[in-house]
Amino acid sequence: MSKIKTGFFCQNCGYESAKWLGKCPSCDQWNTFVEEVVHKGADKKNDDWKEYSSQRNGLLTISLNEIISGEEKRIVTTDAELNRTLGGGIVPGSLILIAGEPGIGKSTLFLQNALKLKDTITLYISGEESAQQIKMRADRLSSLSSEGYSTNAKENFYLLTETNTQPIFQEIKKLKPQLVIVDSIQTLQSPYVDSSAGSVSQIRECAAEFQKFAKETDTPVFLIGHITKDGSIAGPKILEHMVDTVLQFEGDSNYAYRILRTLKNRFGSTSELGIYEMTAEGMREVSNPSEILITQKEDQLSGVAIAATIEGIRPLLIEVQALVTQSVYGTPQRTVTGFDLRRLQLLLAVLEKRGGFHFGIKDVFINIAGGLKIEDPSIDLAVLSALLSSFEDISLPLHLCFAGEVGLSGEIRAVNRIDQRIAEAEKLGFEKIVVSKHNFKNVNKKQANIEIIALGKVEELYKYLF
Ligand SMILES: [Zn+2]
């Protein structure tokens, strides 16, 4: 007997409610609830994965002593950045969500990695592109760069263009892949749910089917998912709880640099980060990002300052560019790329109040080189210095960098991992670094071969710079 059950789902965050609501109690969005059929009541025949793996002989319980401890055998890809963000390779049976804006290069990254995997039968399920399109892309990737692509890997790479999960799992049963990549989860459709592809209940059901498959067969599955501009994973915020690992692929599509960030990982640290450069040959790993992100010019320009930041656990020296000009129109403009607009307004207010700089009649532009989005608050001091440098139209000294957070009363606050920042600055040939005086106490001075300038207030920064 089939029973139809429906529910109301917030299309923004996946919140489920028995009745329609005007405002979502979870994400505070208005008018986002849509009624979806949850179960058609059909028998789930393809749920049975017991025959797939021979290790299971019907016994579900296992004594703790029988479990072989030690490192799990991970699939190590040729991509060091990907391995690192996954915590040292792909864990068998894990479900991994790759979230990112459309067009940022998620498919390229996973296609190229799958093509380089040796001795691993990989199934790439595409609901977005045709087999010809993917073949063309794969040929382009491997013809432009012969590095790492082997014929063995290409033989083990299988493609399936299908969106219905039932035929997908039938193919999986025949092929017995060792790795599955789904591009994208929003295009899939399960016959057990009546709503359209991309709706919350569909995404949840399809992900659940893959989760069951991954756990019962020990096959790792990558789910590629598109996210909306504001950064939330469109619809399937709910997926974040179901999967073992969430990787976010981010970057400005106008720039070449991409960051692969670990947001959740059951098998490793969440502070890992991979950096890529998008080239014609695909995604290139950037093993020493600081060297590329700084355009060290001999003729210094005003409005440029270098920040010693930490992204995840990696020290990263980044160029901050500021432009302060006389405002032509009545309302001064504030424009930021890679930096938080509200943070800029706060820093401008601090400069106005503490230093008497009248930014109220100026247009202000802030740009973080490389199109990267920096979340580390230690970038404040560099932003402030770049603003002052542009305001005064005096360039800052060469080989000087900054690491400090700025508080509301103009105090320069201590930041974490100061020794790591100093070491990175030193490695890249910087001669001076400006830090908070509260950090200075804890700095390992013996090690530092670099002059450390310890300041307490924004006023002292101005005096030091000019
Ligand atoms: Zn919601």
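A residue is called buried when its relative accessible area is under 20% (exposed is over 50%, partly exposed lies in between; 1.4 Å probe, protein chains only). By this criterion, 50% of the 466 residues in the protein chain are buried. The model is predicted: local features need pLDDT of at least 70, side-chain atom pairs count only at pLDDT 80 or more, and totals for chains, interfaces and linings use all residues. Residues are numbered from 1 along each chain as its sequence is written, and side-chain values use heavy atoms, with hydrogens and water left out.

**Overall chain**
- The protein chain contains 13 helices and 21 strands, taken as DSSP runs numbered from the N terminus (helices H or I, at least four residues; strands E, at least two).
- Of the contacts (heavy atoms within 4.5 Å) between residues at least 6 apart in sequence, 69% join residues at least 24 apart.

**Sheet**
- Nine strands form an open sheet with mixed pairing, in the order E6-E5-E7-E8-E4-E9-E10-E11-E12; two strands pair if DSSP finds at least two bridges between them.
- Strand E6 (157–160) and strand E12 (282–285) are its edges, each pairing on one side only.
- Strand E9 (residues 245–250) and strand E10 (residues 257–265) run antiparallel and are joined by 6 bridges.
- Within E10, Arg-261 stands opposite Gln-248.

**Helices across the strands**
- Helix H5 (residues 165–175) lies across strand E5 (122–126), E6 and strand E7 (179–183), at about 165 degrees to E5; angles run from 0 to 180 degrees between N-to-C directions, with axes fitted to C-alpha atoms, for helices over the stretch in contact.
- Helix H6 (residues 200–217) lies across strand E4 (95–100), E5, E7 and strand E8 (221–226), at about 160 degrees to E8.
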